[in-house]
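Subject: Model handover, with notes on its spaces and ligands

Hello,

Here is the structure we talked about. Please look through it with the notes that follow.

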Amino acid sequence: MYALEIKNLKKVYNGGVEALKGVDLMVEQGDFFALLGPNGAGKSTTIGILSSLVNKTSGQVKIFGHDINDELELAKSHIGLVPQEFNFNQFETVQQIVVNQAGYYGVKRKEALIRSETYLKQTDLWKKKDTPARNLSGGMKRRLMIARAMMHQPKLLILDEPTAGVDIEIRRSMWQFLRKINEQGVTIILTTHYLEEAESLCRNIAIIDKGQIVENTSMKRLLTQL
Ligand code: ADP
Ligand code: ADP
């Protein structure tokens with residue numbers, strides 16, 4: 001069984017933009033996978049469909065074997081999403097944000113508090129647990145987004161341009177967290193337009209352009225082709 005199986009996925013937005021023109025993609029369990037492509041290629045649309053923020057026009061999507069048409073809630077329960085924009089309440093504290101998130105997934109408060117310690121320590125935010133989110137640096141806010149996405153212990157973590165606009169030092173420290181999470185058995189898919197990021201982190205890669213997959217290979221093989 002694959003972590004993610006996408007077959008002939010199409011998306012036409014209202015207004016007629018063909019954002020995805022028949023995408024096929026398989027991601028194995030435990031993989032660290034990059035979806036690389038220029039702006040407008042269809043990366044956010046793909047992620048939007050996986051996280052059910054965008055309705056697909058046609059095609060099939062399975063997450064750990066669960067088709068999003070038939071078993072949406074089950075499929076969603078396996079996914080942790082880290083969107084590009086900070087979408088937490090800036091006035092809540094770091095710990096409130098992650099504990100509340102667990103609550104949305106039905107995790108009991110006592111267990112949520114235990115998990116908050118685990119994931120805030122892992123992302124180096126435990127010392128900031130009582131700080132309102134608005135007082136965090138940009139890099140810390142990015143890490144908070146990752147900690148929050150882990151609170152329901154998803155088997156698949158999906159990150160949309162996780163390091164867009166952050167400087168190289170913060171980027172490197174985020175790469176380390178992501179590697180650790182992957183080593184614990186969580187499948188990771190990220191979108192990026194930095195080849196360097198994909199190269200440093202990912203085992204497998206798909207390149208998307210104008211709504212179509214133009215390359216799908218191992219990182220190693222891609223690098224020997226360049
Ligand atoms: P990427 O994430 O790779 O930059 P997107 O998935 O955001 O690409 O966009 C793919 C195409 O779909 C682009 O042409 C973009 O302008 C268009 N698009 C994205 N979102 C919408 C939307 N909500 N309505 C209409 N067109 C959209
Ligand atoms: P869906 O088909 O998933 O319901 P829509 O086509 O209704 O998505 O578009 C969602 C929203 O995104 C709309 O409010 C639309 O105005 C806006 N939008 C339109 N064009 C773009 C674009 N190129 N990039 C991003 N958002 C866009």
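The largest cavity has a volume of about 40 Å³. This is a predicted model, in which local features need pLDDT of at least 70, side-chain atom pairs count only at pLDDT 80 or more, and totals for chains, interfaces and linings use all residues. Residues are numbered from 1 along each chain as its sequence is written, chains are lettered from A and ligands numbered from 1 in the order in which they are written, and side-chain values use heavy atoms, with hydrogens and water left out.

Confidence

The protein averages a pLDDT of 95. That score is the predictor's confidence in each residue, from 0 to 100. At least 70 is reached by 100% of the residues. For the model, ipTM is 0.75 and pTM is 0.88.

Cavities

Two cavities of 30 Å³ or more are present. A cavity is a set of points, on a 1 Å grid over the protein atoms alone, where a 1.4 Å probe fits but cannot get out; lining residues have an atom within 4 Å of a point. Grid points are joined across faces, edges and corners, and a volume is the space filled by probe spheres set on the points.

Leu4, Ile6, Leu25, Leu35, Thr46, Ile47, Leu50 and Ile189 line the largest cavity. Strand E1 (4-12) and helix H1 (43-50) are the elements that give two or more residues to this lining. Helices (H or I, at least four residues) and strands (E, at least two) are DSSP runs, numbered from the N terminus. H1 supplies the largest share, three residues. The lining has seven nonpolar residues, one polar and no charged. Here Ala, Val, Leu, Ile, Met, Phe, Trp, Tyr, Cys and Pro count as nonpolar, Asp, Glu, Lys and Arg as charged, and the others, Gly among them, as polar.

The second largest cavity holds about 30 Å³ of space. Its lining is Val82, Pro83, Arg142, Met145, Ile146, Pro162 and Met174. Helix H5 (residues 138-150) gives the most, with three residues. Six of the lining residues are nonpolar, none is polar and one is charged.

Pockets

A pocket is an open set of points with protein on both sides within 12 Å along at least five of seven lines. The largest pocket has about 440 Å³ of space. It is lined by 21 residues, and Leu81, Asn87, Gln101, Tyr105 and Arg148 are the closest to its centre. Strand E6 (79-82), helix H3 (94-104) and H5 each give two or more residues to the lining. H3 has the largest share, four residues. By class, the lining of the largest pocket splits into ten nonpolar, eight polar and three charged residues.

The second largest pocket has about 150 Å³ of space. Of its 13 lining residues, Asn39, Gly40, Lys43, Ser44 and Glu161 are the closest to the centre. H1 gives the most here, with three residues. This lining has two nonpolar, eight polar and three charged residues.

Ligand 1

A residue counts as near a molecule if one of its heavy atoms lies within 4 Å of it.

For Gly40, a backbone N or O atom lies 2.7 Å from an oxygen atom of the ligand. A polar backbone atom of Gly42 is 3.0 Å from a ligand oxygen. For Ala41 the corresponding distance is 3.1 Å. Polar contacts are pairs of N or O atoms within 3.5 Å. Taken alone, ligand 1 exposes 560 Å², and the protein buries 61% of that. Accessible areas come from the Shrake-Rupley method with a 1.4 Å probe.

Ligand 2

Around ligand 2 are Lys11, Tyr13, Asn14, Val54 and Asn55. Two of these are nonpolar, two polar and one charged. A polar side-chain atom of Lys11 lies 2.7 Å from an oxygen atom of the ligand. A side-chain N or O atom of Asn14 is 2.9 Å from an oxygen atom of ligand 2. On its own, ligand 2 has 570 Å² of accessible area, and the protein covers 28% of it.

Best wishes

Conventions: Polar contact = N/O pair within 3.5 Å; in protein donor to acceptor, adjacent residues only side chain to side chain.
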